[in-house]
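Thanks for coming. I will go through one model today, starting with a pair of helices and then moving to some loops.

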Amino acid sequence: MIDELETLGWYHSELSRHAAEALLLSNGGDGSYLLRNSNEGPGHFALSVRAKDSVKHYQVRRRDHTYVFGFTTFATLENFIDHFANQPLVGSETGTLMALKSPYPCRVEEPSIYESVRVHTALQTGRTEQDLVASAPSLGTKEGYLLKQGAIVKNWKQRWFTLSRHELKYFKDQTSQDPIRTLDLKACSAVQFDYSRERVNCFCLVFPERTFYLCAKTGVEADEWIRILRWKLAQKGQ
């Protein structure tokens with residue numbers, strides 16, 4: 001049965017709830033959705049759906065060869081897929097109806113935006129993707145103010161961040177010449193949205209010795225930081 005589901009282009013088998021939320025919020029759109037395994041065990045799945053600035057999760061169960069979603073039982077996987085192709089509506093706990101607009105494919109490499117820019121440019125100019133690799137770091141710089149949570153005293157302070165190559169530096173403010181600290185992204189294992197803080201638009205960078213919690217002013221700005229930082233992490237082995 002797992003082989004059958006793997007033919008479904010939007011089935012992300014081992015994606016966790018937290019990772020699904022991060023993926024849909026950073027790269028999906030309103031109404032984007034994906035299917036993943038549920039931690040309730042074999043035969044249990046979760047449909048994760050982006051609804052504006054949040055992600056809702058709905059239970060999907062498999063009984064023998066049928067699929068149960070809401071109050072409907074689908075006799076085959078094909079019937080289940082056809083249902084979603086018609087962009088059905090699902091309800092949230094607040095009673096709001098959301099349209100399932102677009103499946104999020106499982107074969108998109110993260111963060112896809114930078115790779116697509118590179119490939120699209122290659123197609124337009126006639127050059128190969130490898131010809132453009134040297135210019136890729138020009139995409140990989142960013143700077144701006146972020147709130148950072150202290151390691152000992154858990155208060156938040158505004159810091160000026162600059163990203164260049166594999167170094168993320170933060171300064172007291174934009175006019176400071178010397179950084180307070182330089183983080184080597186080669187040692188960073190993950191960048192992801194964080195929902196455990198009391199603030200919104202937060203994300204974290206996971207290092208062996210510490211996890212750094214940062215907050216942006218807007219969700220769009222947080223998306224931009226997460227995408228470029230993930231792209232940096234993807235380049236570590238290259």
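**Helix packing and loops**

Helix α2 passes helix α5 in a left-handed crossing, meaning that the near helix is turned anticlockwise from the far one by less than a right angle, with clockwise giving right-handed. Before the rest, the conventions: this is a predicted model, where local features need pLDDT of at least 70, side-chain atom pairs count only at pLDDT 80 or more, and totals for chains, interfaces and linings use all residues. Residues are numbered from 1 along each chain as its sequence is written, and side-chain values use heavy atoms, with hydrogens and water left out.

Back to the pair. α2 covers residues 17–27 and α5 covers residues 219–234; their axes are 9 Å apart and the packing angle is about 110 degrees. Axes are lines fitted to C-alpha atoms, for helices over the stretch in contact, and angles run from 0 to 180 degrees between N-to-C directions. The two helices are therefore roughly perpendicular, a label for 65 to 115 degrees; under 35 is roughly parallel, over 145 roughly antiparallel, and the rest oblique.

Which residues meet? From α2 they are Ala22, Leu25, Ser26 and Asn27, and from α5 Asp223, Arg227 and Arg230, where contact means heavy atoms within 4.5 Å. The residues of this contact divide into 2 nonpolar, 2 polar and 3 charged. Here Ala, Val, Leu, Ile, Met, Phe, Trp, Tyr, Cys and Pro count as nonpolar, Asp, Glu, Lys and Arg as charged, and the others, Gly among them, as polar.

Overall, the protein has 5 helices and 16 strands. These are DSSP runs numbered from the N terminus: helices are H or I with at least four residues, strands E with at least two. Of its 238 residues, 41% count as buried, that is, under 20% relative accessible area, against over 50% for exposed and partly exposed in between (1.4 Å probe, protein chains only).

Now the loops. Most residues other than glycine have a negative phi. Asp64, between β4 and β5, has a positive phi near 55 degrees and is exposed at 69% relative accessible area. Arg165, in the loop between β11 and β12, also has a positive phi, about 55 degrees, and is exposed at 67%.

Last, Arg199. This residue sits in the loop between β14 and β15. Buried or exposed, or in between? Arg199 counts as partly exposed, because its relative accessibility is 37%. Not counting residues up to four places away in sequence, Arg199 touches Leu147, Trp156 and Cys215.
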